[in-house]
Amino acid sequence: MTLMTKHLGNLPWPYLPLVLSLSVLAGCTQVHQTIAVGEMIGDIDVVQLSGKREKLSSLSKDRITLVVFWATWCQRCREEVPDINDLAADYGSSLAVIGISAGETLHTVKAHSAGLGIRYPVVVTQLSNLAALGIDSIPRLVVLDSKGRIQRIENGVNTSLRARLTQLAHENEPNQN
C-alpha cells in the first residue's frame with residue numbers, strides 16, 4: 001500500500017486539489033533521495049519508544065543492519081513480524097534490526113509493538129523523512145552493510161533477503177587465523 005493512498009484516502013474531495021498543489025510545490029523545493037543498492041542510506045531523525053531522539057546512523061553503527069519500514073495500520077507489515085523476529089534471533093549479535101514507523105504517534109507505535117510481540121528495537125519518525133529517503137510503500141526492508149551502504153531492498157522477508165544477510169554476516173566474521 002502506498003503511503004500517499006493511506007493518508008489521502010480519507011481526505012474530503014474538495015481539499016484534494018489543494019493538497020496535490022502543495023505536494024507539487026514541496027517537491028520543487030526539496031531534494032528527494034531515492035534509495036538504491038550501493039548507495040548510502042540517508043541519516044534521518046528518529047525517536048526511540050523511550051522518547052530518546054537519535055539519528056538512524058547511531059542505531060546501526062558498525063553493524064549489518066536490517067531496517068524495516070512499517071506502520072501499525074499495515075496488515076502485511078504486521079504479518080511479517082514473526083519472520084523478522086526469527087531473522088533477529090537467527091543472526092543474533094551479527095545483525096541489528098530496527099523497525100521504523102512513520103507518521104504515527106509514539107503512543108500508538110509503542111502499544112502496537114508490544115501487542116505484536118516485536119522483539120527488535122522500534123523507532124518513530126516523521127512521514128516526510130520516508131519521502132526524503134524515497135520510501136513510497138511499506139513494508140520495505142533495507143539491508144545495510146556495516147558502513148551504512150544499502151546492500152538489498154525488499155518488500156518483505158524472502159529467501160534472497162536471507163541469502164544476502166548470510167553472505168554479509170560471513171564477510172563480517174573476524175579472520176580466524
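Residues are numbered from 1 along each chain as its sequence is written. In this predicted model, local features need pLDDT of at least 70, side-chain atom pairs count only at pLDDT 80 or more, and totals for chains, interfaces and linings use all residues, while side-chain values use heavy atoms, leaving out hydrogens and water.

**Exercise 1. Confidence**

Find which elements have the lowest and the highest mean pLDDT.

*Solution.* Start with the term: pLDDT is the predictor's confidence in each residue, from 0 to 100. Helices (H or I, at least four residues) and strands (E, at least two) are DSSP runs, numbered from the N terminus. For the protein chain the mean pLDDT is 81, and 79% of its residues reach 70 or more. Finally, the pLDDT is below 50 over residues 13-32.

**Exercise 2. Parallel or antiparallel?**

Decide in which sense β3 pairs with β4, and in which sense β6 pairs with β7.

*Solution.* Take β3 (residues 64-70) and β4 (residues 95-102): they run parallel, joined by seven bridges. One example is Ile64, whose bridge partner in β4 is Leu95. Next, β6 (residues 140-144) and β7 (residues 150-154) pair in the antiparallel sense over four bridges. Here Val143 has Arg152 of β7 as its bridge partner. These two strands form a hairpin with five residues between them, and Gly148 in the turn has a positive phi of about 90 degrees.

**Exercise 3. Two packed helices**

Describe how α4 packs against α7.

*Solution.* Axes are lines fitted to C-alpha atoms, for helices over the stretch in contact (heavy atoms within 4.5 Å); angles run from 0 to 180 degrees between N-to-C directions. Helix α4 (residues 75-91) and helix α7 (residues 159-172) pack at about 20 degrees, with axes 12 Å apart. That makes α4 roughly parallel to α7, because angles under 35 degrees count as roughly parallel. Last, list the contact: α4 gives Asp83, Leu87, Asp90 and Tyr91, and α7 gives Leu161, Arg162, Leu165, Thr166 and Ala169.

Methods:
Pairing = 2+ DSSP bridges. Parallel < 35°, antiparallel > 145°, perpendicular 65-115°, else oblique.
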